[in-house]
Amino acid sequence: MMDENDDRSEKNWELRLYVAGQTPKSLKAFANLKKICDEHLAGQYRIEVVDLMLSPQLAEGDQILAIPTLVRKLPEPVRKIIGDLSNTERVLVGLDLRPVA
Amino acid sequence: MATEGPDDFGTRQLPKCPTGIKGLDQITSGGFPSGRPTLVCGGAGCGKTLLGIEFLVRGATEYDEPGVLLSFEETDTEVKQNVRSLGFDLERLIADKKLRLDHVRVERSEIEETGEYDLEGLFVRLGYAIDTIGAKRVVLDTIETLFSALTDHTVLRAELRRLFRWLKSKGVTAIITGERGHGEGLTRNGIEEYVSDCVILLDHRVVNQLSTRRLRVVKYRGSTHGTNEYPFIITSRGISVLPVTSLVLEHSASRERVSTGIGRLDVMLGGRGIFRGSTAVVSGTAGTGKSSLAAHFVDAACRRGEKCLYFAFEESPSQIVRNMESIGVRLDEHVKTGMLRFQAARPTLHGLELHLAVAHEAIEDFHPSIVVLDPVTNLMAAGGLSDVYSMLLRLIDYLKGCGITTLMTTLTSAGAVLEATETNISSLIDTWILLRDTESSGERNRGLFIVKSRGMPHSNQVREYRITDHGLEILDVYVGGGGALTGSARLAQEARDRAEEMLRNQEFQQKHAEMEAERAAIAAQITSLQAKLKVTDHTIRVADSEEELRQAKVAADRDAMAKSRYADQATPQNTRLKEGSQ
């Protein structure tokens with residue numbers, strides 16, 4: 001439902017956002033993520049939103065515990081960011097887009 | 001969320017979920033609170049995880065309650081490997097959809113926290129796992145790991161509270177394990193605050209270089225429970241909690257009797273031996289024949305077709321077999337037929353707990369109806385006095401519960417008060433046979449007596465016995481002026497008795513002869529008198545007939561004379577008249 005597939009350029013950033021229903025936190029996280037990606041990874045990312053309410057079996061694979069969780073599948077290594085992604089600086093650090101100051 | 005149902009009120013007992021763990025259900029009077037979380041906390045290596053897994057395995061195999069293990073520490077493979085040695089085949093249970101393992105890996109270095117979050121993911125995972133197999137049991141091991149993985153403890157605490165409420169609403173019986181804290185709290189992060197229905201504390205202590213695991217029910221809301229610390233052991237079949245004292249004394253007492261294998265000893269014990277399922281102790285100083293007595297007991301039982309388990313703490317099986325052969329008891333034959341099994345181990349080989357565990361296992365494996373412990377005093381080497389006492393108490397309780405007749409031997413040290421058996425186990429035992437050496441007139445002799453025997457009349461005599469090449473023999477009692485006679489004193493008494501008997505016999509013979517003679521004399525007299533009597537009778541008869549003849553002659557003469565005078569015929573009237581007129 002919230003899938004966004006950006007096919008305009010090579011997708012070297014594969015991100016997966018785990019949510020559980022359309023809670024305010026999830027919606028906020030998705031909005032925050034979209035904003036950050038558009039700003040820093042324009043055209044090179046792909047976001048897949050997984051709703052665990054619909055497919056709970058997927059939680060185990062990525063070791064999901066907290067909701068929302070953002071998983072950076074590519075590039076390796078896998079990184080995880082939990083929370084509503086409201087702290088942009090932390091998200092950038094977490095995604096390895098900015099060296100830790 | 002409905003946490004407290006109306007069932008919690010009134011006299012109705014809280015619904016329980018049997019753990020299936022040996023002894024634990026007994027302590028908790030039925031198991032953990034059904035549909036509620038239970039906290040199991042303890043230090044590292046105390047068996048928390050194992051308890052949790054056994055809870056799941058027993059649930060799946062014995063109570064048809066599938067379970068979910070959410071492991072925060074070990075991976076699925078590790079968990080499977082760890083419990084394989086206990087005979088738990090998790091793979092099969094998983095394949096049968098009776099069990100589900102889910103390893104929750106949380107690595108702080110991999111996780112960045114930005115802003116608000118909750119643990120809905122955990123709920124989803126757990127909920128999914130529960131729903132796929134219809135789980136009734138859940139184990140969270142160890143959820144406190146989350147405290148080191150997540151920085152926002154406020155959120156975490158709130159979520160844990162929510163989790164436990166959610167588990168209750170799911171109606172699953174859960175075990176939450178927690179690491180023992182160093183401070184005041186039971187757990188490092190105080191999660192006992194959220195799990196308030198039942199708290200079990202595990203502990204692993206090393207005393208005198210021997211480790212003992214203990215379990216205590218710290219709290220159990222709405223239920224009675226044993227409050228003591230109960231030792232428990234991890235055997236090759238899982239956890240076994242051994243209540244030191246059973247909460248209830250309810251072994252059914254058999255009226256059946258079991259022979260001791262020595263006829264005369266049975267006679268001393270009310271004529272028929274000891275009760276089945278009772279515990280007998282044979283105590284005595286070194287070399288009084290305790291093991292020999294035990295061997296007789298075993299021999300008799302095997303002949304009756306009852307299986308015996310012989311715990312030897314002092315001698316090796318072959319040594320026992322050889323030694324008993326010398327008194328004519330062939331134990332090797334019973335070993336061959338499989339009626340007798342030896343379990344030999346030095347007491348110092350392992351701690352008391354493990355001894356107990358080994359004993360439990362051997363008993364469960366072999367199902368004997370007779371158990372011999374020879375000698376229990378040797379266990380002192382493996383533990384302190386009170387520990388041995390408590391171990392024996394538990395063992396006896398267990399054996400009684402199984403209806404097994406037990407014979408223990410205890411060694412009394414020379415010089416000590418004989419009646420004070422080392423471990424003061426007297427109160428535990430039903431029949432106490434004391435063997436002792438008596439020293440008199442330069443020799444030692446063996447005496448046997450029954451100190452006590454519950455529920456039957458028993459002999460109060462000290463009986464001398466000998467160990468012969470055909471077994472243990474209880475001899476006759478000789479009571480002299482100064483007490484029972486033993487050894488040569490008894491032999492002397494026997495000789496004296498024989499001499500006296502002979503003398504008495506001779507005297508009697510003589511008297512008998514005299515009387516016979518007298519009787520003969522009297523008989524002779526009688527014979528002569530009878531002869532005399534015969535003669536007299538004859539004389540009387542002769543005189544009588546002569547008189548008759550004479551009278552007849554007189555009458556004839558008178559008639560003749562009257563005829564000659566022409567007198568009338570003499571008639572009675574005439575005669576009378578004539579005579580009257582004269």
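1. One term before anything else: two strands count as paired if DSSP finds at least two bridges between them. Keep in mind too that this is a predicted model. With that said, β4(A) and strand β6 (residues 111-113) of chain B pair in the parallel sense, over three bridges.

2. Now the interface as a whole. On chain A, 26 residues are in contact with 26 residues of chain B. Together the two chains bury about 2,300 Å², and 54% of that is on carbon and sulfur atoms. Three residues stand out on the chain A side: A:Gln63, A:Leu65 and A:Ile82 supply 31% of the area chain A buries against chain B, more than any other three residues.

3. What about polar and charged pairs across the interface? There are 17 residue pairs in polar contact between chain A and chain B, counting pairs with both residues at pLDDT 80 or more. Both β4 (79-82) and α2 (88-94) of chain A supply at least two residues of the side that touches chain B, and β4(A) gives the largest share, four residues. By type, that side of chain A divides into 14 nonpolar, six polar and six charged residues.

4. Salt bridges next. Side chains of opposite charge can pair when their charged atoms come close. The count between chain A and chain B is three, and one to look at is A:Lys25 with B:Asp118, where the closest N and O atoms are 3.2 Å apart. Over all chains, the structure holds 37 salt bridges. Within chain B, have a look at B:Arg137 and B:Glu65, whose side chains meet at 2.7 Å, N to O. This pair ties together distant parts of the chain, 72 residues apart: B:Arg137 sits in strand β7 (residues 137-141), while B:Glu65 is in the loop between α2 (48-62) and β4 (67-71) of chain B.

5. Chain B also has an open sheet of nine strands, with mixed pairing, in the order β17-β16-β18-β19-β15-β20-β21-β22-β23. The edges are β17 (340-344) and β23 (471-474); each has a single partner strand, so one side of each is left without a neighbour in the sheet. Ignoring direction, neighbouring strands are turned by 25° against each other on average. Inside the sheet, β15 (residues 279-284) and β19 (residues 405-411) of chain B run parallel over six bridges, with B:Gly284 standing opposite B:Leu411 in β19(B).

6. Two helices of chain B go with that sheet. Helix α12 (residues 352-366) packs on the sheet and touches β16 (308-312), β17 and β18 (370-374), its direction making about 160° with that of β16(B). Helix α13 (residues 385-402) lies across β15, β18 and β19 of chain B, running at about 155° to β19(B).

7. Finally, some backbone geometry to check by eye. Most residues other than glycine have a negative phi, and most peptide bonds are trans. Here, a cis peptide bond joins A:Leu74 and A:Pro75, with omega about -5°; A:Pro75 is in the loop between β3 (69-74) and β4 of chain A. The bond from B:Asp141 to B:Thr142 is cis as well, with omega near -15°, and B:Thr142 lies in the loop between β7 and α6 (145-149) of chain B. A:Leu85, not a glycine, has a positive phi of about 60°; look for A:Leu85 in the loop between β4 and α2 of chain A.

Definitions and conventions. Residues numbered from 1 in each chain as written. Chains lettered and ligands numbered in written order. Predicted model: local features only at pLDDT ≥ 70, side-chain atom pairs only at ≥ 80, totals over all residues. Heavy atoms only, no water. Contact = heavy atoms within 4.5 Å. Buried area = accessible area lost by both parts, 1.4 Å probe. Salt bridge = Lys/Arg side-chain N within 4 Å of Asp/Glu carboxyl O. Polar contact = N/O pair within 3.5 Å; in protein donor to acceptor, adjacent residues only side chain to side chain. Nonpolar A, V, L, I, M, F, W, Y, C, P; charged D, E, K, R; others polar. Axes fitted to C-alpha atoms, helices over the stretch in contact; angles between N-to-C directions.
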